[in-house]
Amino acid sequence: MRATCAKAPQAECAGSRNSAAILALLSFAMLIVSLDQYIVVVALPDIARDLDYSAQTLQAVISTYAVASSGFLLLGGRAADLLGRRRILVAGLGLYAVSSLAGGLATGPELQLAARAVQGLGGALVFPTTLALISTTFPEGRERNRALGVWGGAGASGLVIGVLLGGLLTQAFGWQAVFLVSVPLAGIALVLALVLIDADRARDKSRSFDLPGALSATGAVTLLVFTLVQGPSLGWVSPGILLTGVVGLLLLAALVTIERRSRDPLVPPRLLRNRTLITAVAIAALFAATFGSVLYFLSLYFQDIRGYDALETGFAFVLPTVVVVAGSALAGRLVTRFGLRRTLVSALAVGAIGAAAIGLTMSPDGSYAALIPGLVALSVGDGIVFTTMFIAASTGVSDREQGVASGIASTGSGIGAALGLAALVLVANAGTHGLDGEELRIAAADGIGSAVLVVAGGIAITMLVALTLRSRPEPLEADLAIGTAQTR
């Protein structure tokens, strides 16, 4: 079977195996990636105390992962298309296992942040590869929408489950457990990938990797995201920020020049003409900046304002977790029945209302019960939008370019996550300088509430972007031609 699959088109090869088992594996891998983005959130106070992080550097535990992931997502998607999707998935899972072990054994901030960066690299390989494998395993339409609903449910719920699991593990075993738990999880997924996914076919030598384009894209995105994330804390005119900003812009200019001259560019021009894909990228960036940042502020609110311990904070996320999973699972069917635009706009409207309700009910003495209506509405929008935006990103794209399309969409998501959190942290901390004790607690609650209200506004802007989508987009003529050629 493996020898036959090595010579067959990848979509046919994937379809020849148990698609349900493959979907379960890819959803599990996606869950691992999502978990590691926020599993450390609840453990941050303990990590700061044991490893001597300052208040200014503690956010780096989150942002280092986001910066590294953002920079390598496009490279990961392109590598999956050209070098083989099973190879890249296995490599990414291996990096996850090794870096998670290093993060859990770290004795200082430097080693732990380096491990988080490698975790981000692993995520940049796993994320677009799982999405590309689903898009090539299931035909566009009802089947792919349902499969992406399962995959999206794993991804969207992983962000929330990460906070819940982080609380349980931190309370029971200490902060080290939030890193070490990923070692066996990634190991299991790696073994299953080798068993369930057929060996990659021989590389198509007519297609080049465009290494100069890949390296310049990776460097440009990494340095520019780092500059924008760290600029507020390090100072916009500090030598390090000026250097990374200038070098990032130079690499971006080099990327444009390289892509124009390349015979096989990193990002094929026809993908840039796919309006649905480009709109999906914008939505993914705004989604990560808004929905994705709320988890961070809810965790701070529960622990620093309401005084919850790690375990109580974890349990506070049980309700939104259940709702996110349900919304993600439902998303594929909604898209099939109502179309991309109507589904996205409706879900974003519900999410914006939910975020506004949460921001208005956050107070120093507020109750969890008062947050429930907003949490439910926000989580409904979260689950549906997460899945639907990636359905949009895969629509009208040929099988041979699903990896790079996934990389483009997930790069937008990664950049949005890094920039959104950095900007919202400034909003939340604006009125807290020089305060302590009860005054600090009150000001911090007001700041967090303001940040979540800004999130509500950002979701409303995302809704306006979604209105530009075609409800049922058609593939581009160039993509149809490639697909036809592949079947011959």
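Which helix gives the most to the lining of the largest cavity? That helix is α5, with 7 residues. Let us step back and look at the whole model before returning to that space.

This is a predicted model, in which local features need pLDDT of at least 70 and side-chain atom pairs count only at pLDDT 80 or more, while totals for chains, interfaces and linings use all residues. Residues are numbered from 1 along each chain as its sequence is written, and side-chain values use heavy atoms, with hydrogens and water left out.

## The overall picture

The protein chain has 21 helices and 0 strands. Here helices (H or I, at least four residues) and strands (E, at least two) are DSSP runs, numbered from the N terminus. Along the principal axes, the C-alpha atoms of the protein chain fill a box of roughly 70 × 50 × 40 Å.

Of the 488 residues, 56% count as buried. Buried means under 20% relative accessible area, exposed over 50%, and partly exposed in between, with a 1.4 Å probe and protein chains only. Now to contacts, meaning heavy atoms within 4.5 Å. Among those between residues at least 6 apart in sequence, 86% join residues at least 24 apart.

## The space inside

Rolling a probe the size of a water molecule over the atoms shows where empty space is left. On a 1 Å grid over the protein atoms alone, a cavity is a set of points where a 1.4 Å probe fits but cannot get out, and lining residues have an atom within 4 Å of a point. Grid points are joined across faces, edges and corners, and a volume is the space filled by probe spheres set on the points.

A search of the whole structure finds 3 cavities of 30 Å³ or more. The largest cavity has a volume of about 340 Å³. Its lining is made of 26 residues, and Q37, A288, S413, G414 and A417 lie nearest the centre. The elements that give two or more residues to this lining are α3 (19-38), α5 (60-83), α8 (142-173), α14 (275-305) and α19 (402-429). By class, the lining has 15 nonpolar, 11 polar and no charged residues. For this count, Ala, Val, Leu, Ile, Met, Phe, Trp, Tyr, Cys and Pro are nonpolar, Asp, Glu, Lys and Arg are charged, and the others, Gly among them, are polar.

## The nonpolar cores

A nonpolar core is a set of buried Ala, Val, Leu, Ile, Met, Phe, Trp, Tyr and Cys residues joined through side-chain atoms within 4.5 Å. The largest one holds 120 residues, of which L89, W151 and F297 touch the most other members. Helix α14 supplies the largest share of this core, 15 residues. A second, separate core of 6 residues includes V67, V225, V229 and A418.

What does W151 touch, leaving aside its neighbours within four places in sequence? The contacts of W151 are L26, S27, M30, F127, T130, L131, I134, F386 and F390.

| Residue | Relative accessible area |
|---|---|
| G332 | 0% |
| R116 | 1% |
| I22 | 5% |
| G458 | 14% |

G332 sits in helix α16 (residues 318-338). Not counting residues up to four places away in sequence, G332 touches N145, R146 and I391. G332 and G141 are 191 residues apart in sequence, and their C-alpha atoms are 9.2 Å apart in space.

R116 belongs to helix α7 (residues 109-137). With residues up to four places away in sequence not counted, R116 touches D36, Q37, V40, V61, I62, T64, Y65 and F179.

I22 is part of helix α3, and G458 is part of helix α20 (residues 437-466).

Is D52 buried or exposed? D52 is exposed, with a relative accessible area of 65%, and is found in the loop between α4 (44-51) and α5. Most residues other than glycine have a negative phi. D52 has a positive phi of about 60° although it is not a glycine.

Notes. On a 1 Å grid over the protein atoms alone, a cavity is a set of points where a 1.4 Å probe fits but cannot get out, and a pocket is an open set with protein on both sides within 12 Å along at least five of seven lines; lining residues have an atom within 4 Å of a point.
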